[in-house]
Amino acid sequence: MTVLRSAPPTAIFGLLVLSATLLLGLFAPLVAPYGETEIVGAEYLPWSAAHPLGTDNLGRDMLSRMIYGARNTVGLALLTTGIAFSIGAALGMFAALKGGWVDQALSRMVDVVMAVPPLILALMLLAIIGPSIPNMVGVIAVIYLAPVFRLSRAAAMNVVALDFIGAAQLRGEGTLWLLRREILPNISSTLVAEAGLRFCFVFLFIAALSFLGIGIQPPTADWGSMVKENATLITFGDVTPLIPAGAIALLTVSINFIVDWMLHRASGLKS
Amino acid sequence: MGNLLTIRDLRLEAGPPRAPKVILEGLDLDLDRGEVLGLVGESGAGKSSAGLAAMGFTRDGVRIAGGGIQFDGIDLARASQGQLRRLHGRRIAYVAQSAAASFNPAHRLIDQFAEGPLLHGTADAGAARDDARALYRQMQLPNPDQIGFRYPHEVSGGQLQRAMTAMAMACRPDLIIFDEPTTALDVTTQIEVLGAMRDITERYGTAAIYITHDLAVVSQMADRITVMRHGREVETQPTQRMLEAPEEPYTRSLWAVRGIQKPAATGSAPPLLTLEGASAQYRGFKALDGIDLALAKGRTTAVVGESGSGKSTLAKVIAGLMAPSEGRVLWEGAPLAGHHGKRDKRQLRDIQMIYQMADTALNPRHTVRETLERPVGFFTGLRGAARRARVRELMELIELDPEEFLDRRIPELSGGQKQRIGIARALAAEPRFIICDEVTSALDQIVAEGILKLLIRLQEELGLSYMFITHDLATVEAIADEVVVMKDGQIIEAGARAQIFEAPRQAYTRRLLASVPQMDAGWLDRARRDAAEAKSLEAAG
C-alpha cells in the first residue's frame, strides 16, 4: 500500500485502466449484455439504449464484442509475453553464465530471428504452419524471445562478472541455483520493466496480425479485427470503428505509464 | 593565521530541509599562503566535503547551511557560479583520487593541460605547452618533452597522478586541494608521487589542503594536521606536535592502529598446501612462472608485491578458478584438480576465499541470513533449527549482533560489516585454509584493524591457515608468520616475517620495505634517497 501511495498520478491512472480491462476480460460473460457472436439486430445500427455502441457489420452488439475482445486480445498478449519472457530470460542468463560456444550458438540463433523484420517473419511462418491461435502465440513468442534474450544476456553479463558468482561457483552450486538465486534477483527489475513494454508490442502485434486477417480468426471478438470489420463506417464519418482502436491506444499508454514508474523505482528510488 | 583561506562555523546539510542530514558542522579552518594543511579521518568523516567546500563547491544535493568561506577576501559561500568559475583552475585547483577517471581519455595530456591556461587567459597555446614540459620535468616524469603527447591510457597510474598535479599547477594557483591522490597507487610509486607533489608546492609557494586517511602520508606533506570525525573537527595541531603528543583519545586511537602485531609463531608446522613449479598464463602472457611454495598448517603466509606481480593469479590457481598451465597444486600431499569443478566437495570446503571488494563479493539482493544459510546448508547439510543456530553462531564469531543484522540486506551494511559477512560466509564451510585477497585494502585503518584482529582471533580459535595477499606492508607486519615477495610472476624472496623485515636479502625487498610510510617527519626524504639507491642497485645487479 505504501508503494501505491508514492505512485505518481499517471501510474495510478495506468493501474486503474489495466485492472479494469483485466476484470472486464475475466468476467466478460457476466458483464456483457449479449453473447460474443450473437446476432442481435440489423447491421451498423447507430448508438442506442439497447446497443450503447451500436452493432457491427454482421449485426452483433459492439459493446459486448469490445468486452469479449478485452479477454481475447489482452489474455493472448499476456500469455505470449509470458512465454517469450520465461524462455528468453532463462536462455539469456544461461548464455551469459556459460559463455564460450554455448553463448555463441544461442546468440547467433537469436541474431537470425532478429535479422528478419518481425511482421514479415510472422506472416511467412503463419502462412507455412497455418493461422490458428496456438500457432500465432508460438510464432509471436519466438519473435519476441529474441530481444528478451539479448537484454537478459547483457544484464546478466554484468552480474556474472561479480565476485559473488565466483564464490557460489567455488562452493559448487549448480547452474539452476546460480540462475535463479544469484543472477535473476539482480536483473529482475530490468526484466519486469522490459516485460511491461514488450507486452504493449505483443499486444499491438496481435492486433496488427488480426487486422491483416491472420491473427485471431472470426468470429472470435478481438480489438484489432474489429477495427477492420467496421472500417467501412469511417467513410460515413462514424466514430464507432475508432473505439476498439482507442481502447488499444488507451491500454498501451496505461501500461507505459506503469512501466515508466517501475523503471523509475528500479533505477534506485532517487528523487 | 588564515590570510588565504578562512572557514568559520561551516555547516553542510543534505536531504530534505525539514529533516536534514548534517555532513559538516561547526568547522573552522585557517590556511596561510604557502601552508599545507592535512585533513585526516575515516571515510564519511566529511574530509572530502570540507575540501570541496574550500573551493566553494558542494556535491549534488548538499548545501551550505551556515557559516562562511573566505578565500582571499572573496566569500565563496555566497559567490555566484560565474565568480567561482573564474576562481576554479585559476586560483584554486583540485587533484582527485583517481587520475584515470579525471582525465578525458579522448584527448592528449598536454592538450588537457593547456585548457586551463587558455580558458583563463594566463597563457597562449605555445606558452602553455612550454610550461607543461617544464612542469612535467619538475614533477620528475620520464621523458618530459614527449610524455604530454600521449593519451591518458598510455601512461601508468603514478605518472597520470603526477600529470594531474602538473595540470593543477598550470595557472600557478594559490591553493590546491589534494583529495587522497596516492590512495590507489602502489607503495613504491607513492613515494615518487608524494615527493614530486611536495617539491612543486614548495617551489611555487602554493598552499594546499591534503586529504587522506593515511596518517603517515599526511605527516610527510602537511605543516598542520586537522583530524575529523563525524563531520566535526576533533583536533588541530602542528604536524610535529600531532605526531608526538596527540591530545584527543580519538586521535591517539588512530595512531595506535599500526600497533597490532601477532605473536611470532614458534616451531615448524607441516605443509598444508604445496605448489610445485606452478605456472599460469593469460593468452600467452605468463602471469605465474614456476612457483614453488609450501604453505604451513595453522600459519599465515603473506604474499606481497606490487600490482601485476602475479599475487592474485596465485590465489586463483590455488582456489581452482584458473588451472595451472604447468606444475601442480598439492593438498596435504595429494594433487588437487586444476579446475574447481573437478574438485570434490571436501576439497571445496577446505579452501575458502575472502575477497577484496565485499561490495561485489556478496549478492546485494540477499539478506545476511540468506547469504549465510545457503553455504551452511550446502556444506554441512544442516536444516531447520540446527542451521539457524549455526548461522547465529557464525554471527557471534564475527562479532555482529544476530538480532540486529540477520534480516538486513547487504547494501544496508557498512564496508567493514560487509567484510565481516564475507568472513562468516567463508567460515560457514568450516574450512581449514582461507585465501584473503587484499581484504583490508578497501577499508579505513580503524575498520581494517578490527578485521585483522578478528582474523587473528579466528586463527587462534579455529586453527585456520591463511594466505594473505596484500600490497600493504603494515598489514603484513601485523598478521604474517611467513612472507613471500613476488615480482613479475616469480617468488624473489621467502622467509619468516622477522627475517624478511630485519634482514631482507633482495634489493627489491629492501625498496618495498623502505616504501612503507613511517610516522616520522623525515621518512619521505630518506625513502626517496633509499629508493634511488636501491633502484640503481637493482639495475646493476
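Which domains does the domain assignment of chain B give? There are domain 1 (35-60 + 84-225 + 233-256), domain 2 (271-505) and domain 3 (506-541). Keep in mind that this is a predicted model.

**Helix pair in chain A**

- Helix α5 (residues 100-115) of chain A packs against helix α7 (residues 133-160) of chain A at an angle of about 125°, and their axes are 9 Å apart.
- That angle makes α5(A) oblique to α7(A), because an angle over 145 would be needed for roughly antiparallel and 65 to 115 for roughly perpendicular.
- As for handedness, α5(A) and α7(A) cross in a left-handed way.
- On the α5(A) side, the residues involved are V110(A), V113(A) and M114(A), and they meet V142(A), I143(A), A146(A), F149(A) and R150(A) of α7(A).
- Sorted by type, the residues in this contact of α5(A) with α7(A) come out as seven nonpolar, no polar and one charged.

**Helix α8 of chain A**

- Helix α8 (residues 163-171) of chain A is mostly covered, with eight of its nine residues buried.
- Among the buried ones are D163(A), F164(A), I165(A) and A167(A); A168(A), Q169(A), L170(A) and R171(A) are buried too.

**Where chain A touches chain B**

- Chain A puts 12 residues into the contact, and chain B puts in 16 residues.
- On the chain A side, α8 and α9 (175-212) each supply at least two residues.
- The largest share of that side comes from α8(A), with seven residues.
- By type, the side of chain A that touches chain B splits into five nonpolar, four polar and three charged residues.

**Domains 1 and 3 of chain B**

- Taken over C-alpha atoms, the centres of domain 1 of chain B and domain 3 of chain B are separated by 23 Å.
- In the contact, 15 residues of domain 1 of chain B touch 13 residues of domain 3 of chain B.
- From domain 1 of chain B, α7 (187-204), α8 (215-221) and α9 (239-244) of chain B each bring at least two residues to the side that touches domain 3 of chain B.
- Of these, α7(B) gives the most, with six residues.
- That side of domain 1 of chain B divides into seven nonpolar, seven polar and one charged.

Conventions
Residues are numbered from 1 along each chain as its sequence is written. Chains are lettered from A and ligands numbered from 1 in the order in which they are written. This is a predicted model: local features need pLDDT of at least 70, side-chain atom pairs count only at pLDDT 80 or more; totals for chains, interfaces and linings use all residues. Axes are lines fitted to C-alpha atoms, for helices over the stretch in contact, and angles run from 0 to 180 degrees between N-to-C directions. Helices (H or I, at least four residues) and strands (E, at least two) are DSSP runs, numbered from the N terminus. Angles under 35 degrees count as roughly parallel, over 145 as roughly antiparallel, 65 to 115 as roughly perpendicular and the rest as oblique. A crossing is left-handed if the near helix is turned anticlockwise from the far one by less than a right angle, and right-handed if clockwise. Two residues are in contact if their C-beta atoms, placed from the backbone, lie within 7 Å. Ala, Val, Leu, Ile, Met, Phe, Trp, Tyr, Cys and Pro count as nonpolar, Asp, Glu, Lys and Arg as charged, and the others, Gly among them, as polar. A residue is buried if 20 or more other C-beta atoms lie within 10 Å of its own, exposed if 12 or fewer, and partly exposed in between; C-beta atoms are placed from the backbone. Domain bounds come from an automatic or database domain assignment.
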